[in-house]
Amino acid sequence: MGTQIPNVDDTRELLKKNQIGIVGIGETEQGKIPGKSSFDFLSHASKLAIEDAGILKSDVDGIITAFSLVEETFMHCTTFADYIGINPKYFESIAIGGATAVWMTAAAAMAINSGQAEVVLCARGDNTLSGISSAGMIALIREMCHGEFEYPFGLTTPGGYALLAQRYLYETKGKREHLHSVAVTMRQHAKLKENAMNKDDLSLDDILNTRLLASPLTKYDCSIVTDGGAAFIVTTKAKAKELGIKRDPVYLHGMGQGFSHQYLTSCADLNQIYGAIETSGEKAFKTAGMTNQNVDVTFLYDCFTITTLLELEGLGIVPRGHAGAAALEGRLHKDADIPLNTHGGLLSQAHLGAMHHVVEAVLQLRGEAGERQVKSPSTALVHGNGGIVSAHSTILLGNEPLS
Amino acid sequence: MSEEKIEYQKPLPDFRPETKPFWDGTKQHKLLLPKCKETGKVFFYPRAISPFPESVNRDFEWVESTGKGKVWTYSVHYMGPTRAYKGEVYVVALIELHDGVKMMSNIVECDPESVTIGMEVEVVFEDATEEVTFAKFKPVK
């Protein structure tokens, strides 16, 4: 069938044949950790992932990194390869904002499927809090919005998401509590995660009684800013066996991307955003041969509370307009029916894109999530979004090889 | 010599050369929109290629907008991106012009907390510097 155009069925066959999965994870401490560079965090997280896999640094032959918000580099992946002392056969820097970490997994699989590498280290680390600060992140919008037709009107990073949150509440006849509930649940989860930065009690009333930053959002609706690193290693089951890795990999079952807009000016309506999320998820679900109702534990990009609601609905995990009520009813709690971001997410644990979402998905599927463990999950979904709910990527993971 | 004006401290547009007709228009207090000569449709933001899926046309004419539209969404900002906004409460909004395009701007000349989605607004021009005039919007009375 040499003339057939490749599609998701071919990807599925490759993933089945090669049994690609994550075999090592690492995360450093997270929070305010001054006096360390982004490359310090990157290499520390990589060391932990290499040790978790039980392999040698020299076994790694592929490197995928992202970018640093603090230390700008022209060629991030190879700068890091040089720094850590790895001579990779495959290297790539992915810079699609919050969609990056999720897509690292997919890119590693594509590199392995095409014979470019066998053992791919995916790593990200940054000293964002010490290097830029929260105020710097509020102004980071400058990098995401239109420098000519949006930024001069005083848009902030929370403000960009607030514009969509306001419209969401209008269209769904929702209330602020729907947004804030996501933050409350994330805080409950963060309390159970050793390296989470924010563990203080947080109630719905606390949020309702705090001042607005950009209506309808308060500071509690915004992700935290942290220093830290996280990494994971992707390889095949056969290679893992050859390297003597004892633990079973957590397998990649599917992946997809979807794009809505870069600038809010170009966003016609919420349907455009839902469509991009759906496209991303649908490709992943089709590859995995499963539906949005088979996911046992869900990891969504919670850079702001609103993104979580849009993603739950765009992925079809809850019907359109119902995610806010689901959050308010506590259904996103680890013990409820849609366990979400059991590590506390970007809202309370740490902000390193979706790196920790991937790491926690692996811990959950290994059954090593301790107090946060969801009851025997076999599949996990991880979704990342870059820009202002602009660029989406989804992966599906399972504790058994794709069959 | 003209009176010395307080220097404008807020962010100014990062111009791309291809948008010059737009800014020349606002300077004359006209809201001009680029119109694709192939599809006959107006679009926003201005750029050097037609954004419509069916077209790679690079020829445009500039047509004057009605300057009227409604608020598609908004956010009252209680904290701005730079020090120049300190103490200011202002509204950032996406306005759906009756011409069929969306623009980001500020809703001015009203209580920020009185803005609502669907509110009818019209353009007002704010001269920020010698070079830059912004198209902003105020509620239609």
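Helices (H or I, at least four residues) and strands (E, at least two) are DSSP runs, numbered from the N terminus. On that basis, chain A holds 16 helices and 11 strands. The model is predicted, so local features need pLDDT of at least 70 and side-chain atom pairs count only at pLDDT 80 or more, while totals for chains, interfaces and linings use all residues. Residues are numbered from 1 along each chain as its sequence is written, and chains are lettered from A and ligands numbered from 1 in the order in which they are written.

Two strands are taken as paired if DSSP finds at least two bridges between them. In chain A, 9 strands form an open sheet with mixed pairing, in the order S3-S2-S4-S7-S1-S8-S11-S10-S9. Strands S3 (90-93) and S9 (297-299) of chain A stand at the edges, and because each has a single partner strand, one side of each is left without a neighbour in the sheet.

| Property of chain A | Value |
|---|---|
| Span of the C-alpha trace along its principal axes | about 55 × 45 × 45 Å |
| Residues counted as buried, of 403 | 63% |

A residue is buried if 20 or more other C-beta atoms, placed from the backbone, lie within 10 Å of its own, exposed if 12 or fewer, and partly exposed in between.
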